[in-house]
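Please look over the sequence and the structure before reading on.

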Amino acid sequence: MSNIAALLADIVGAHNLLTGDAVTDDYSHDEVLTTPPQKPRYVAKPATADEVSRILQAATEHRIPVTARGSGTGLSGAAIPRNDGLVLSFERMNAVLEIDPTDQVAVVQPGVTLTALDAATVDTGLRYMVYPGELSSSVGGNVGTNAGGMRAVKYGVARHNVLGLQAVLPTGEIIRTGGRIAKVSTGYDLTQLIVGSEGTLALATEVTVKLHPRLDHSATVLAPFADLDQVMTAVPEIVASGLGPYILEYIDNVTMAALVHTQNLELGIPDRIRDSCQAYLVVALENTTSQRLDEDVERAGELVAELGAQDAFILEGSSARKLVEAREKAFWTAKAIGADDIIDTVVPRSAMPEFLAGARDLATAAGAAAAGCGHAGDGNVHLAIFCKDTRARKQLMTDIFALAMKLGGAISGEHGLGRAKTPYFLELEDPAKVALMRRIKHSFDPAGILNPDVILATAE
């Protein structure tokens, strides 16, 4: 092992390699609730794609499992390493290399945080619009999980916003995919294959992302409904209305009460409405002028009333921002009130009423509870599962995932499978698809060193 440490230190410099007691607990986990931390044997902090290449060549030669790490904000355990493995941390590769207003792209290293990228683009009138709820998350992490977030209903997920990559294969080759172009029909789309692969195929060392105009005027309509089914019925109508909300969320009454309490929200909702409300719809709108925004807000208020809302509250400025920030912290709220697991299942919008009713029934039958919120505009449902019995919880989760897949959905909409959800995927997914994925994995990573416990879970 000392020979391996010397080899890695020669690549990144002794001060950028951690071993033994120098490996802090931060490198042993992400934010997943259910998967225990594991401290790696090595942490290497490369500064260039060439150093990443040399590290991966050495890892392949010596069969050392490698887990890439950005900010460690993931929720599925994809950043948990093996205890005999290597964490390849991108914390030093954190430069914004270029902002190109003409092509409306940014070129960044994978360790760049969303906060840093937003600050780098603010003077251009452009911004990167993938915000998965944690601004300290890294662009490389967005790539790994195909991150989404509340703005995905208008701007899409990472897969719609990552145009090109520089990536390093486990065997050390450095490749470029895509570029500053919006479309390509030349061969296989390797960019989109790597996006969402959770560090199992190749490691991105440079990312070209799409930027969008910053719209200066925004407001949020908060609509309480007496019935959750009414909320789900209203969603496709709002999507089809032409209003183009950039956030379209539902929040059930249990989750809203928890958000109000833990985040000290003042929403101005009368007690009589709050007590009779089963769920809320959050409709955030933006426009280029205040007049156009006012017209959209008025139409949105009329529309939610027509669709059965008990009222419509217009939130602007700090009130709107605080509600959105509280919603982005829903995971931390669920964690604070004792959730035992979380789900980010996705189903077609049309299937959301049936899915939510079925999930509630499954939880009740299991003696458990399921509460939450979600990106109603794109069918992404976030449920906090309260079930202390490990065996019962595993069966409940399996049943909920199976229901989502039966309705045309998938186990994860944006968090990824990681270590936590991979067992459900392997149990429920079509074996032919899994076998094909294994062949793809082998083509990229013949030694099987990249994140071997994620998606396809090879034996240790």
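Leaving aside its neighbours within four places in sequence, which residues is Leu 281 in contact with? In this predicted model, the contacts of Leu 281 beyond those neighbours are Val 221, Leu 222, Ala 223, Phe 225, Val 231, Ala 234, Val 235, Ile 238, Leu 248, Glu 249 and Tyr 250.

Leu 281 also belongs to the largest nonpolar core, which has 53 residues, and together with Val 231, Tyr 250, Phe 355, Leu 383 and Ile 385 it is among the six that touch the most other members. Because domain 3 (217–329) and domain 4 (338–415) both give residues to this core, it lies between them. In soluble globular proteins, nonpolar side chains tend to be buried together.

| Domain 2 and domain 4 | Value |
|---|---|
| Area buried between them | about 470 Å² |
| Share of the buried area on carbon and sulfur atoms | 48% |
| Salt bridges | 0 |
| Residue pairs in polar contact (both at pLDDT 80 or more) | 1 |

Contact between these two domains involves 8 residues of domain 2 and 5 residues of domain 4. Of the area that domain 2 buries against domain 4, 54% is supplied by Thr 145, Gly 149 and Val 153, which is more than any other three residues supply. On the side of domain 2 that touches domain 4, the residues divide into 4 nonpolar and 4 polar, with no charged residues.

Methods:
Residues are numbered from 1 along each chain as its sequence is written. This is a predicted model: local features need pLDDT of at least 70, side-chain atom pairs count only at pLDDT 80 or more; totals for chains, interfaces and linings use all residues. Side-chain values use heavy atoms; hydrogens and water are left out. A nonpolar core is a set of buried Ala, Val, Leu, Ile, Met, Phe, Trp, Tyr and Cys residues joined through side-chain atoms within 4.5 Å. Buried means under 20% relative accessible area, exposed over 50%, partly exposed in between (1.4 Å probe, protein chains only). Domain bounds come from an automatic or database domain assignment. Contact means heavy atoms within 4.5 Å. Buried area is the accessible area (1.4 Å probe) that two parts lose on being put together, summed over both. A salt bridge is a side-chain nitrogen of Lys or Arg within 4 Å of a carboxyl oxygen of Asp or Glu. A polar contact is a pair of N or O atoms within 3.5 Å; within protein, one must be able to donate a hydrogen and the other to accept it, and residues adjacent in sequence count only if both atoms are side-chain atoms. Ala, Val, Leu, Ile, Met, Phe, Trp, Tyr, Cys and Pro count as nonpolar, Asp, Glu, Lys and Arg as charged, and the others, Gly among them, as polar.
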